[in-house]
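The sequence and the model come first.

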Amino acid sequence: MLIDFIRKVISSIAMVVSLLWTGMVSAEYKYNFPEPVTPIGKSIYDVHMLTMGITTVILIIMTSIVLYAVFTFRKDKGYVADQEFHKGWFGRWSWVIVPIAVLAIDLSIAGKAQPILEMLWESPTKECSDPTLKPENKDKCYDMVVKITGHQWWWEYEYPDLGIKIESRYTPKEEAGDDYLRAVDNNFVLPVDKKIRFLQTSVDVNHAYWIPELAFKKDAIAGYISETWGEITKEGIYRGQCAELCGTWHARMPAVVEAVSQENFELWVAQKQAEKQAAIAEATSDKVWTKDELYAKGEAAYNVKCVACHQITGLGIPPAFPPLKDSKIVKGPVAEHIKIVLNGLKTMPPWASESDLDLAAIITYERNAWDNNTNDVVQPADIKAAREQSLAK
Ligand SMILES: [Cu+2]
């Protein structure tokens, strides 16, 4: 009997140790939440630590009482249960005292949490440089606005005051390595020590932008703008993900914030603005492109913008996302193909906001890739003409 019992205890301990061991060897095993880098995140972390502290003390006290009772008041020691317990002072009042004590502990935590909720919900609505800002509200203002838009399945970051828009998509496994599903092609670059107002929306289903170190998490809902704010206090790379189940590629929309110093942020802004000017100049030039140039450009753009639905093989994911290889539309009249890409069809959204050059390149690629070999070349001017024609209607 006893040997059996000891054997069971030893095997249980061995199992727990081996489980803990495998946990520890898995990368970056941590015992607590990641270190927050915004004032709201830090306050939430503090309440979490306070709650953990209180529960740990309660756990130790209660476990000690239970163990003491189990060992002291044993039947084989001749202990007989007190049948008159409820008639004594403690027996009568403990049913009142205990809930009051529990409520007091709850309220002491709620008291700490309430101002944080206020801080979280009351996003500043005035810019810090606004002359009408009252001196007592100098903490309730923002330095810059950014807009986050969720798409199936990528993020769009817009800096409305700086005229910059970037698209951020997950990095495939071969390039991302250990950061697979935690890395993106374009990070969301933000300056530190600036109060940032985050506006969130979606163009399709619900998404939610979530970076644990920044703490906030609100849904991005189509046709609605939810807002939060934060001031990042430490430079670094912070990784998160979409936290609202948004379809088959939900796991493939990680979010990466890169917090940099003000000087580096300004350098980045200048670089992005220059890139944008160059892209506009290229897209609006009257240049006639060769088939090879358009094919190469189109392949690069297709692999970023279209690949999620139509797949790298051009076979799509039928029935929702039809194949482009041997497709009637892709191998049919060019004008009809352009019209569908511009205006969308069934589950495909309209792509009219892309530049003439990008659309011409993508369509040229689609009409010649995967053995479609139509030999058609679509020039930016064709897209422009198609737009004008649809406007004239
Ligand atoms: Cu999502």
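Tyr238 stands opposite Val257 in strand 10. This is a predicted model, in which local features need pLDDT of at least 70 and side-chain atom pairs count only at pLDDT 80 or more, while totals for chains, interfaces and linings use all residues. Residues are numbered from 1 along each chain as its sequence is written.

**Strand 10 and its partners**
- Strands are DSSP runs of E with at least two residues, numbered from the N terminus, and two of them pair if DSSP finds at least two bridges between them.
- Strand 9 (residues 236-242) runs antiparallel to strand 10, and six bridges join the two.
- Strand 4 (residues 188-191) is joined to strand 10 by four bridges, in the parallel sense.
- Within that region, Pro191 has Val260 of strand 10 as its bridge partner.
- Of the seven residues in strand 10 (residues 254-260), five are buried (20 or more other C-beta atoms within 10 Å of a residue's own, C-beta atoms being placed from the backbone).

- Five strands form an open sheet with mixed pairing, in the order 3-2-1-5-8.
- Strand 3 (164-168) and strand 8 (226-231) each have a single partner strand, so one side of each lacks a neighbour in the sheet.
- From one strand to the next the twist averages 20°, with axes taken as lines fitted to C-alpha atoms and angles running from 0 to 180 degrees between N-to-C directions.
- Strand 1 (residues 144-151) pairs with strand 5 (residues 195-202) in the parallel sense over seven bridges.
- Ile148 has Gln200 in strand 5 as its bridge partner.

Methods
Buried ≥ 20, exposed ≤ 12 C-beta atoms within 10 Å, placed from the backbone.
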